[in-house]
Amino acid sequence: MRLPLQILTLHAVRRASSVPAGMVSFVPACSTADAHSLELLQDFVSRARRLFVITGAGLSTESGIPDYRSEGVGLYARTDRRPMQYSEFVRSAKARQRYWARNFVGWPQFSSHLPNSAHRALQRWEERGKLHWLVTQNVDSLHSKAGQKRLTELHGCDHRVMCLGCGAVSEREELQAKFIALNPEWRAQTSGVAPDGDVFIEDEQVLHFRVPSCEACGGILKPEVTFFGDNVNKATVQFVRDRLAESDALLVAGSSLQVYSGYRFLLAAGDRKMSVAILNIGPTRADHLAELKVSGRCGEVLSAIHSV
């Protein structure tokens, strides 16, 4: 039986932030975790034998990657920019040129981001047999960099590129070399960065940027990620459902669950009467499905929980 929801707004305690210097601007304002909230989450994790975890952009803000929706610091709050829509990318060569030019400039910084204490904590849980499966909505590869193996990247990964014609998959780093070869003199002034590695460049700066086609079939190259307006692969969704069915508790870390692709698994957990806990700064779409809601920084909180 699901217990009444306990929402813990953590007491403000002055303590050094777990967020690296220079990156805190992407993390929403939040109090520091208190002992009581940690005890309740520790009890939730300890009771779980096969823990299923869903992570979102709130896990990567502490690595210096902004999210979309956080109040005051998310992309939507800071700018009027919106992410590329799948339909626009497919139908418009100019849209693809604009997207890849921005992605080309942002790639060196985006690809250099490293896992933070939250990623490392979840990897330790896997090593010790606590974490049965992890599903991330992020496309930044930080879980893989941390060594996570029992992992599904629900929306794909920006570190891979696919051809929309023949389906060939290649490494994003290889495409970067092709961009450099095709655009040896191209330069652009940029500002800001988006969660998918995009940066902001005025349209007139991208007019002469050259984009390669697939070497095998001449098809359109696209990051192997689910763009807004596209659907997650049905086989991937079913695979995740099967892993959820094998689990006995679900923890959400760093996601508002506003996108249905992740929220659907909370609905499935509710149908199964599974224990659900949510760790996130701010409200989520699934707060009503949780027996425990903790508001706090993922790195700070998860690092304090033991996988016993």
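Good morning. A strand or helix in this talk is a DSSP run, numbered from the N terminus: at least two residues of E for a strand, and at least four of H or I for a helix. With that convention, S141 sits in the loop that joins β3, residues 131-136, to α7, residues 142-145. Please keep in mind that the model is a predicted one.

Let me begin with the backbone at S141. Although S141 is not a glycine, its phi is positive, at about 70°. Is S141 buried or exposed? The limit for a buried residue is a relative accessible area under 20%. S141 has a relative accessibility of 13% and therefore counts as buried.

L257 is another non-glycine residue with a positive phi, here about 60°. The loop that holds L257 runs between β10, residues 249-253, and α10, residues 260-271. With a relative accessible area of 1%, L257 is buried.

I turn now to helix α8, which spans residues 172-182. Which residues of α8 are buried? They are R172, L175, Q176 and F179. Viewed down the helix axis, these buried residues of α8 fall within an arc of 110°, so they line one face of the helix.

The angle between the two helices is about 110°, and their axes lie 11 Å apart. Angles of 65 to 115 degrees count as roughly perpendicular, and α5 and α8 are therefore roughly perpendicular to each other. The crossing of α5 past α8 is left-handed. On the α5 side, the contact is made by W100, N103, F104, W107 and P108; on the α8 side, it is made by R172, E173, L175, Q176, F179 and I180. By class, the residues of this contact comprise seven nonpolar, two polar and two charged.

Leaving aside residues up to four places away in sequence, G156 touches N138, V139, E224 and V225.

Thank you for your attention.

How values were computed:
Residues are numbered from 1 along each chain as its sequence is written. This is a predicted model: local features need pLDDT of at least 70, side-chain atom pairs count only at pLDDT 80 or more; totals for chains, interfaces and linings use all residues. Side-chain values use heavy atoms; hydrogens and water are left out. Buried means under 20% relative accessible area, exposed over 50%, partly exposed in between (1.4 Å probe, protein chains only). The arc is that of the directions from the helix axis to the C-beta atoms. Axes are lines fitted to C-alpha atoms, for helices over the stretch in contact, and angles run from 0 to 180 degrees between N-to-C directions. Angles under 35 degrees count as roughly parallel, over 145 as roughly antiparallel, 65 to 115 as roughly perpendicular and the rest as oblique. A crossing is left-handed if the near helix is turned anticlockwise from the far one by less than a right angle, and right-handed if clockwise. Contact means heavy atoms within 4.5 Å. Ala, Val, Leu, Ile, Met, Phe, Trp, Tyr, Cys and Pro count as nonpolar, Asp, Glu, Lys and Arg as charged, and the others, Gly among them, as polar.
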